[in-house]
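Reader: I would like to go through this model by question and answer. Please give cut-offs as the terms come up.

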Amino acid sequence: MKNWENNIRKVKPYIPGEQPKDKGIIKLNTNENPYPPADGVVKALKDYNSDNLRLYPDPSSEELVNALAERYSVKPSQIFVGVGSDDVISMAFMAFFNSSKPIIFPDITYSFYDVWAEVYNINYEVKPLDENFRINTDDYICDNGGIIFPNPNAPTGVYESLDKIEEIVKGNPDVIVMIDEAYIDFGGESCIPLLNKYDNLLVIQTFSKSRSLAGARIGFAIGNEKLIKYLNDVKFSVNSYTMNSLTQKIGVEAVKDENYFSETVNRIISTRENAKSKLKELGFVFPDSKSNFIFASHPNKSAREIFDELKKRKIFVRYWDKHRIDNYLRITIGTDKEMEKLFEALECILSK
Ligand SMILES: *Cc1c(COP(=O)(O)O)cnc(C)c1O
């Protein structure tokens, strides 16, 4: 090691799912939406005046913040937007997790949380989910420096009731509880209404899954005005111009088209429910999912083997060689047609 390396912050980065370049693959590995963005988004892209690129974008993304405030019936001062929810959560870790006590999250969860904790030198402790991948509420009622978990959880798809969320938020009045609702639109009930009762709650959502805009990078947080002010102070201390003006515009269009949003979300839910019966018929077992993916395991064939066999057939799903989940595949819900191809491939793989 060179001397100059001594004082370098060394981190193990988050590993995103594969984005294979070749056409003709069926991509069920990163929970993207199989449907295109709303018409208004397409139009805004076409109509965009490139002269705008000469200027800095609105640093507070006011139009987008206002659109979101209206959609979620909160004040604009309760909304923070960022470049994907990864950006929002990362800022929130910086702003809210500064205790010497450990922050807590589940052992099986979004694998970015421990990466952010490491990069920001935040002490953390994981709490094991039970054998059905459920959160044990008592684990979260303890002395801690903050809490974060997704609801529904990733990569399990398991949804916890609002009562359970409320119990955890209520039981931790002295720290910030962040609920990562990346998948909430696929059948769960958002905890946004709890914001009226609790000032220590931050709800985070994204346009990447339910609004078909993973490539645009839009995420947001909703909380009380004070929390959002603290979050903006951190953002404006790191980079004022995070979201470019084109993205701000298409974000507004995506929020405005409520019909298209519910139509595509409902289509995905219906494909998911059908996938549950098909996978069951094929012998898979999985916890019930309220997300746009299913976390499935097969008693007769290892997940690793199925993963490899699917890949040979140009079908990509997600697999982690990690304790407790190394025999599971996370399968994103695609179109009905893509899912039919998946079932055909699985039938073939399992019969060998
Ligand atoms: C996809 C995902 C995110 C990040 O989404 P962005 O594309 O950065 O908005 C955050 N949390 C969970 C649990 C996710 O699955």
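Reader: How many residue pairs are in polar contact between domain 1 and domain 2?
Author: The model is predicted, so local features need pLDDT of at least 70 and side-chain atom pairs count only at pLDDT 80 or more, while totals for chains, interfaces and linings use all residues. Residues are numbered from 1 along each chain as its sequence is written, and side-chain values use heavy atoms, with hydrogens and water left out. A polar contact is a pair of N or O atoms within 3.5 Å; within protein, one must be able to donate a hydrogen and the other to accept it, and residues adjacent in sequence count only if both atoms are side-chain atoms. Between domain 1 and domain 2, with both residues at pLDDT 80 or more, the count is nine residue pairs.

Reader: Which element gives the most residues to the side of domain 1 that touches domain 2?
Author: Helices (H or I, at least four residues) and strands (E, at least two) are DSSP runs, numbered from the N terminus. Two elements give two or more residues to this side of domain 1: strand 9 (293–296) and helix 8 (258–281). The top contributor, with five residues, is helix 8.

Reader: Where does the chain divide into domain 1 and domain 2?
Author: The bounds come from an automatic or database domain assignment. The centres of the two domains, taken over C-alpha atoms, are 25 Å apart. Domain 1 is made of 19–37 + 259–350, and domain 2 is 39–256.

Reader: What area is buried between domain 1 and domain 2?
Author: Buried area is the accessible area (1.4 Å probe) that two parts lose on being put together, summed over both. Contact (heavy atoms within 4.5 Å) involves 25 residues of domain 1 and 32 residues of domain 2. Carbon and sulfur atoms give 62% of the buried area, which is about 2,200 Å².

Reader: Which residues of domain 1 lose the most area to domain 2?
Author: Three residues together account for 31% of what the domain 1 side buries. They are F261, K290 and R324.

Reader: Which residue forms a salt bridge with R324?
Author: A salt bridge is a side-chain nitrogen of Lys or Arg within 4 Å of a carboxyl oxygen of Asp or Glu. Between domain 1 and domain 2 the count is one salt bridge. For R324, the closest N and O atoms are 2.8 Å apart, and the partner is D107.

Reader: In what order do the three strands of the open sheet lie?
Author: Two strands pair if DSSP finds at least two bridges between them. Strand 9 is joined to strand 12 (residues 329–332) by four bridges, and A296 stands opposite L329 in strand 12. Strand 9 and strand 11 (318–319) are the edge strands, each pairing on one side only. The pairing is antiparallel, and the order is 9-12-11.

Reader: Which residues does the cis peptide bond with omega of about -5° join?
Author: Another cis peptide bond, with omega of about 5°, joins A154 and P155. P155 is in the loop between strand 5 and helix 5, and P152 lies in the loop between strand 5 (146–150) and helix 5 (162–170). The bond with omega of about -5° joins N151 and P152.
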